[in-house]
Amino acid sequence: MPTEDAAPVTLSVNGAVRRVERGLALDALVAETTAAPSGVAVAVNEDVVPRSQWPSTRLGEGDRVEILTAVQGG
């Protein structure tokens, strides 16, 4: 039986409910969500998180994550 610390958490990712492992790093979630190598911006709970902080930003129950990818075109 999993302990409460190992139980998945529920997040909102771009408005969709998603269950992920507790303490998942933001960079891992971004990698699962988009294959774009650049032009990606991320906000957690309405605060923009610099790319340099993605590996150290751990996600928890109820976090709201918005992942935006720049698109070129005219």
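This is a predicted model: local features need pLDDT of at least 70, side-chain atom pairs count only at pLDDT 80 or more; totals for chains, interfaces and linings use all residues.
Local features are given where pLDDT is at least 70 and side-chain atom pairs at pLDDT 80 or more, while totals for chains, interfaces and linings use all residues. Residues are numbered from 1 along each chain as its sequence is written, and side-chain values use heavy atoms, leaving out hydrogens and water.

View 1. Helices (H or I, at least four residues) and strands (E, at least two) are DSSP runs numbered from the N terminus. The C-alpha trace spans about 55 × 25 × 20 Å along its principal axes. Of the 74 residues, 28% count as buried, that is, under 20% relative accessible area with a 1.4 Å probe, protein chains only. Among contacts (heavy atoms within 4.5 Å) with a separation of 6 or more, 50% are between residues 24 or more positions apart.

**View 2. The largest nonpolar core, with 16 residues.** Such a core is a set of buried Ala, Val, Leu, Ile, Met, Phe, Trp, Tyr and Cys residues joined through side-chain atoms within 4.5 Å. Look for Leu 26, Leu 29, Val 42, Val 65 and Ile 67, which touch the most other members. β1 (9-13), α1 (26-33), β3 (40-44) and β5 each supply at least two residues of this core. Leaving aside neighbours within four places in sequence, the contacts of Leu 29 include Leu 11, Val 13, Val 65 and Ile 67.

**View 3. Asp 63, in the loop between β4 (47-48) and β5 (64-69).** Asp 63 is buried yet has no salt bridge, meaning a side-chain nitrogen of Lys or Arg within 4 Å of a carboxyl oxygen of Asp or Glu. The nearest side chain of opposite charge, Arg 64, is 6.7 Å away; for charge, Lys and Arg count as positive and Asp and Glu as negative, with His and the chain ends not counted. A polar atom of the Asp 63 side chain does lie 2.8 Å from the backbone nitrogen of Gly 60. Not counting residues up to four places away in sequence, Asp 63 touches Thr 10, Leu 11, Ser 12, Val 44, Asn 45 and Arg 58.

**View 4. Thr 34, in the loop between α1 and β3.** Thr 34 counts as buried because its relative accessibility is 17%. A polar atom of its side chain lies 3.1 Å from the backbone nitrogen of Ala 36. Beyond residues up to four places away in sequence, Thr 34 touches Val 40, Ile 67 and Thr 69.

Note on methods:
Buried means under 20% relative accessible area, exposed over 50%, partly exposed in between (1.4 Å probe, protein chains only). A polar contact is a pair of N or O atoms within 3.5 Å; within protein, one must be able to donate a hydrogen and the other to accept it, and residues adjacent in sequence count only if both atoms are side-chain atoms.
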